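Come along and follow each entry on the model.

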Amino acid sequence: PYTYTKSREAFDRAFRVIPSGIYGHQGPSEGCYIPQTAFPLFSSRAQGTRFWDLDDNEYIDYMCGYGPNVLGYRDPDVDAAAQAQAKIEDVVTIPSAVMVDFAELLVDTVASADWAFFAKNGGDTTTLAVLTARAATRRKKIVFFDGFYHGVAPWTQKLDYPGILEEDVAHNLYAPWNDLAALERLFSEHRGQIAGLIAQPYMHGNFVDNQLPAEGYWAGVRKLCDDHGVVLIVDDVRAGFRLDLAGSDHYFGFEADLICFCKALANGYNVSALCGKESLKDVVSSLSYTGSYWMSAVPFAAGIASITKLKQLDGPALFERLGTELTTGLVSAASDHGLHLVASGAPALFYLRLADDDSLMLHQEWVAECVQRGVFLTSHHNHFINASLTSADIARTVEVAHEAFGIVKARHPELG
Ligand code: PMP
């Protein structure tokens, strides 16, 4: 198994000068209840579907930077486009016309896009979407689905989180996923008060099996929103460009009013986009909303190259094929050891759970054994497929997983 001496040394330095050393979900404490020493903490380089940590351990990476790595790290075509743009200009007093090229490409590509507004992070676009819904309807309430994640702006947090005021979340309403009757009741109870409904295209929450929409569910949600004059916002920050280049709403057969993109938009270059319907364009224009780096040109050039290449490769079909090959192999490796691995969600964004122990500790042990042998999985979050993953990488992954299942099984004779 790998050791992480240099990662630990860097983390000790980080802890002195950076709050919590590494904050957010990339940090060592988030969600990892078993030996945190099982995970590397700092990377040193990345290429294709792999990265190397500070101790030069190599990983086949199924987290893809939590989504942005969609073509492969340092994709030559995207990097060439970005470097060519960087030689000309990036952040300037007025924007580069490459911004217009990128907006035109999104409008051509994304089914529910009549326009595109660019920012940096996913949360910039979910917040813009909520502002737009409120400005358009002059109503206050926003409906969320249980298991949601829409970023870290105060309106997306929970009341018991530090620093959050009652006022920040006072107009949030929560509904269970895949339960149309419950949503209908909520809409009726708050008739005339709901500005928007914000939803990921399917439930990809943490620590739980991910759930695709039930048959007819999205059509029912769309109709309820229409009947009640509610703006339907799809948060495609995570699933966008992995399920369908025309948008995950298109994949599930409906049209969003507003759709948020970020992670897979430019293969790791820093850009996000809110796209939407013509009817909301003037509302967005009326808002006070921008940022220092939101019109930088290099990520726009990267985004154009990335989407163009995803179209050439038919990225979503490739991700589905590779994801299915991988999860089938993992499930069968588990069953060789008499263990029951559940793979849920879309294959391109597969979620894993070892179902032989409800506490998820066994699952975390298995993940830790995989990571220490060069297969980077996480224990509580969905994973991601990128286009440079090969069948040979998948075969190697299944081999490592097999060994890791064997180690966990041997450690737990109580499993029989
Ligand atoms: N929505 C979803 C579905 C996400 O997965 C994320 C990021 N994990 C966000 C919003 C927030 O994006 P960001 O962290 O770039 O602000």
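This is a predicted model: local features need pLDDT of at least 70, side-chain atom pairs count only at pLDDT 80 or more; totals for chains, interfaces and linings use all residues.

**Entry 1: strand β12.** I looked up residues 351–354, which make up strand β12. Tyr 351 and Arg 353 point one way, Leu 352 and Leu 354 point the other way, and all are buried. I recalled a general rule here: in a regular strand the side chains alternate between the two faces of the sheet.

Next I asked how β12 pairs with strand β11 (residues 341–344). The two are antiparallel and share four bridges. I found Val 342 opposite Arg 353 of β12. The hairpin of β11 and β12 has six residues between the strands, and Gly 345 takes a positive phi near 80 degrees there.

**Entry 2: two domains.** Into which domains is the protein divided? I found domain 1 (5–61 + 315–415) and domain 2 (76–313). Their centres, taken over C-alpha atoms, are separated by 28 Å. Domain 1 gives 18 residues to the contact, and domain 2 gives 15 residues.

On the side of domain 1 that touches domain 2, the elements giving two or more residues are α11 (315–336), β11 and β12.

**Entry 3: the open sheet.** I traced seven strands in an open sheet with mixed pairing, in the order β4-β10-β9-β8-β7-β5-β6. Which strands are at the edges? They are β4 (115–119) and β6 (172–175), and each pairs on one side only. On average, neighbouring strands of this sheet are turned by 20 degrees against each other, direction ignored.

I then followed β4 to its partner, strand β10 (residues 272–276). Five bridges join them in the antiparallel sense. Phe 118 has Ala 273 of β10 as its bridge partner.

Helix α4 packs on this sheet, where I saw it touching β4, β5 (141–145), β7 (194–199), β8 (231–235), β9 (258–261) and β10. The direction of α4 makes about 155 degrees with that of β7.

**Entry 4: around the ligand.** How many residues surround the ligand? I counted 13, and the closest are Asn 121, Gly 122, Gly 123, Val 237 and Arg 238. Helix α4 (residues 122–137) came up again, giving the largest share of the shell, three residues. The shell divides into four nonpolar, seven polar and two charged residues.

Entry 5: Which face of strand β2 (residues 50–53) is covered? Phe 51 and Asp 53 make up the covered face, while Arg 50 and Trp 52 make up the uncovered one.

I checked the partners of β2 in turn. Strand β1 (residues 43–47) pairs with β2 in the antiparallel sense over four bridges, with Arg 45 opposite Trp 52. Their hairpin has two residues between the strands, and Gly 48 in the turn has a positive phi of about 60 degrees.

Strand β3 (residues 58–61) also runs antiparallel to β2, joined by three bridges. Here Trp 52 has Glu 58 as its bridge partner. The hairpin of β2 and β3 has four residues between the strands, and Asp 56 in the turn has a positive phi of about 70 degrees.

Technical notes:
Residues are numbered from 1 along each chain as its sequence is written. A residue is buried if 20 or more other C-beta atoms lie within 10 Å of its own, exposed if 12 or fewer, and partly exposed in between; C-beta atoms are placed from the backbone. Two strands pair if DSSP finds at least two bridges between them. A residue is near a molecule or strand if its C-beta atom, placed from the backbone, lies within 6 Å of it. Ala, Val, Leu, Ile, Met, Phe, Trp, Tyr, Cys and Pro count as nonpolar, Asp, Glu, Lys and Arg as charged, and the others, Gly among them, as polar. Domain bounds come from an automatic or database domain assignment. Two residues are in contact if their C-beta atoms, placed from the backbone, lie within 7 Å. Axes are lines fitted to C-alpha atoms, for helices over the stretch in contact, and angles run from 0 to 180 degrees between N-to-C directions.
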